[in-house]
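I opened a new page for this structure. My plan is to look up one thing at a time and write down what I find.

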Amino acid sequence: MKSVIAEDLVKTYRNGAVRALDHLSLDVEEGTVLSVLGPNGAGKTTCVRILATLLRPDSGRAMVGGIDVIKHPEKVREVIGLSGQYAAVDEILTGWDNLVMFGQLYHLGKKEAIARADELLERFSLTESAKRPIKTYSGGMRRRLDLAASLIVKPKVLFLDEPTTGLDPRGRQEMWRVIEELVKGGVTLLLTTQYLEEADQLADEIAVIDHGKVIARGTSDALKKQVGGERLEIVVEAHNIAKAMEVVANVSGNKATLDEGLRMISAPVSTGATALIETLRSLDSAGIHPLDVGLKRPSLDDVFLSLTGHAAEETPVEEVTTGRRKKAKK
Amino acid sequence: MSAFKDTMIITQRQLRLLTRVPEVLVFSTIQPVMFVLLFRYVFGGSIDSGQPGGYVQLLMPGIFVQTVAFTLAGTAVGLAEDLKKGLIDRFRSLPISQSALVVGRTLGDSLLNIVVLAVMGIAGYIVGWRPTSGVISVGIGFIFLLLFGYALSWVGIYVGLSASDARVVQNVSFIVTFPLTFLSNAFAPTTGMPRALQYFAEWNPVSTMVAACRELFGLENQFGATAGSFPSENPLITSFIYMIIIMAIFIPISVRKYKRAAD
């Protein structure tokens with residue numbers, strides 16, 4: 001059964017001058033995770049806002065949990081949880097205050113709301129900071145609390161709009177851990193992200209969108225095959241470049257390319273870490289000590305480059321759809 | 001029934017904000033108390049009020065009205081901040097009555113007014129304010145003030161939802177409210193103003209509210225109002241009609257604007 005269905009969604013702003021969604025269609029199978037991957041301005045947020053009843057599409061149809069989003073938004077609100085790219089909680093109130101308030105607004109009794117708040121704080125490792133105002137929280141803690149607030153009534157369908165944008169690597173890891181646990185619990189999740197790595201880590205399936213349309217869809221492995229694998233990158237001192245190029249080309253089996261400014265040599269590899277070790281061995285026996293070395297996984301830019309032939313460009317559409325929140329983030 | 005409960009939860013949130021940030025309460029009271037002291041001692045000596053008990057008797061109703069008029073800014077700024085932070089999106093994604101958030105906020109801001117008015121009343125008493133009309137009339141006067149603040153906080157909802165930035169909202173509210181409170185009979189007689197301004201000041205809701213409160217607090221003197229003009233002859237009725245008009249216009253358009261906040 002499909003828990004989320006979007007068909008032919010169109011949404012324009014400024015009387016049609018800006019087309020945020022251009023006949024977008026997607027669906028999510030019950031109990032699975034779909035990641036909507038795209039650059040800023042691709043229409044990710046607009047799509048989530050329509051599915052979460054915050055925005056009406058100009059045309060098209062959307063069903064969430066078997067309920068028509070346009071005809072019965074009030075019923076859809078009972079089965080969804082929404083957590084955005086900003087932490088939509090009251091900064092002045094404490095974490096505990098927020099969760100109890102939202103619990104009551106979900107029509108739990110006061111006692112039940114308190115019990116649920118304590119339980120969620122515990123689960124998201126926020127018990128220690130429960131009685132502190134949110135404004136004293138780190139970015140990662142805010143997002144976790146925001147996520148907790150969207151889980152108060154155990155939603156059937158959860159929407160996470162760029163849950164890790166703006167977080168530091170540690171915050172991102174923590175968030176991933178929390179989301180992975182949720183997914184194990186069997187929630188149907190639609191997640192938007194700008195990071196291929198994140199989609200890879202969390203999603204069963206990925207829908208790549210650009211200019212308000214789905215341009216590719218499939219599992220992360222399938223997409224990566226389309227994009228090509230990892231690239232080996234090494235930086236060496238100028239007098240070693242010629243020799244190092246040879247080594248890298250040997251290991252890769254492809255032609256190595258050189259970025260002269262950065263003195264960085266790179267080449268596609270298919271064997272991942274093994275290629276890395278092999279390269280280092282050869283360099284070592286040639287008496288070359290690399291200044292930097294690494295494996296670069298395909299990024300969103302690489303996906304876009306291979307799917308569309310253009311880089312993931314920044315268009316101003318998102319500014320229009322979420323202008324208010326964009327300001328809040330600065 | 002659940003709509004009522006939702007509203008109460010939002011109102012509670014407003015009140016909890018006050019206990020979490022007591023500075024808000026302190027500063028929303030200090031400013032009007034400061035006005036009481038400044039006007040009482042700076043102008044009080046040189047304005048001939050012709051009023052037994054002196055200028056402070058005329059001044060207090062003026063400052064009360066000015067203070068509740070600033071509810072507009074308070075509501076507008078608070079709502080603009082919620083909107084900016086995405087909090088409105090969260091509320092709108094909840095299975096609650098869609099007007100609970102705005103109704104709850106207007107009620108919460110009115111409760112804040114009760115506290116502020118009480119503190120000002122005490123400050124006024126200390127510097128010589130003595131209403132002479134009896135407890136019931138004075139009580140009605142305060143209810144009138146709260147109702148006026150409530151009506152204006154609906155204007156605040158509209159302003160808060162219309163602008164994109166809380167600082168803009170702050171400035172807009174100030175630019176609108178400040179002249180309105182001064183182009184009135186609140187602090188000086190209107191008869192000294194140029195003819196056109198005088199006309200405006202007579203019909204200004206702030207003036208009719210001030211005149212209504214003066215009447216309810218037992219003052220005879222209408223402080224240089226043009227004799228015979230309808231609003232200065234019937235300040236209570238005029239003020240009441242103004243409040244009804246403000247609410248009849250701004251409650252529906254604000255609720256509608258809220259429901260479409262994101263479109």
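This is a predicted model: local features need pLDDT of at least 70, side-chain atom pairs count only at pLDDT 80 or more; totals for chains, interfaces and linings use all residues.

**Entry: chain A as a whole**

I started with chain A. Of its 330 residues, 43% count as buried. I looked up its elements next and found 13 helices and 14 strands. I then checked the extent of chain A. Its C-alpha atoms fill a box of roughly 70 × 50 × 35 Å along the principal axes. Last, I looked at contacts in chain A between residues at least 6 apart in sequence. Of these, 68% join residues at least 24 apart.

**Entry: where chain B touches chain A**

How many residues of chain B are in contact with chain A? I found 24 residues of chain B in contact with 30 residues of chain A. I then asked which elements of chain B give two or more residues to this side. They are α1, α4 (71–84) and α5 (87–92) of chain B. The largest share comes from α1(B), with 7 residues. I sorted this side of chain B by class and got 9 nonpolar, 4 polar and 11 charged residues.

**Entry: a helix pair across the two chains**

I followed α1(B) to a partner in chain A. Helix α3 (residues 95–105) of chain A and helix α1 (residues 2–20) of chain B pack with their axes 9 Å apart, at an angle of about 165°. Angles over 145 degrees count as roughly antiparallel, so α3(A) and α1(B) are roughly antiparallel to each other. Their crossing is left-handed. I listed the residues that make the contact. From α3(A) they are A:Asp97, A:Met101, A:Gln104 and A:Leu105. From α1(B) they are B:Asp6, B:Ile9, B:Arg13 and B:Arg16. By class, I noted 3 nonpolar, 1 polar and 4 charged residues in this contact.

**Entry: a helix pair within chain B**

I turned to helix α2 (residues 22–43) and helix α6 (residues 100–126), both of chain B. Their axes come within 9 Å and cross at roughly 35°. The crossing of α2(B) with α6(B) is right-handed. Which residues meet here? On α2(B) I found B:Leu25, B:Ser28, B:Thr29, B:Pro32, B:Val33 and B:Val36. On α6(B) I found B:Leu112, B:Val115, B:Val116, B:Val119, B:Met120, B:Ala123 and B:Gly124. I sorted this contact too: 10 residues are nonpolar, 3 are polar and none is charged.

Notes
Residues are numbered from 1 along each chain as its sequence is written. Chains are lettered from A and ligands numbered from 1 in the order in which they are written. Axes are lines fitted to C-alpha atoms, for helices over the stretch in contact, and angles run from 0 to 180 degrees between N-to-C directions. Helices (H or I, at least four residues) and strands (E, at least two) are DSSP runs, numbered from the N terminus. A crossing is left-handed if the near helix is turned anticlockwise from the far one by less than a right angle, and right-handed if clockwise. Two residues are in contact if their C-beta atoms, placed from the backbone, lie within 7 Å. Ala, Val, Leu, Ile, Met, Phe, Trp, Tyr, Cys and Pro count as nonpolar, Asp, Glu, Lys and Arg as charged, and the others, Gly among them, as polar. Angles under 35 degrees count as roughly parallel, over 145 as roughly antiparallel, 65 to 115 as roughly perpendicular and the rest as oblique. A residue is buried if 20 or more other C-beta atoms lie within 10 Å of its own, exposed if 12 or fewer, and partly exposed in between; C-beta atoms are placed from the backbone.
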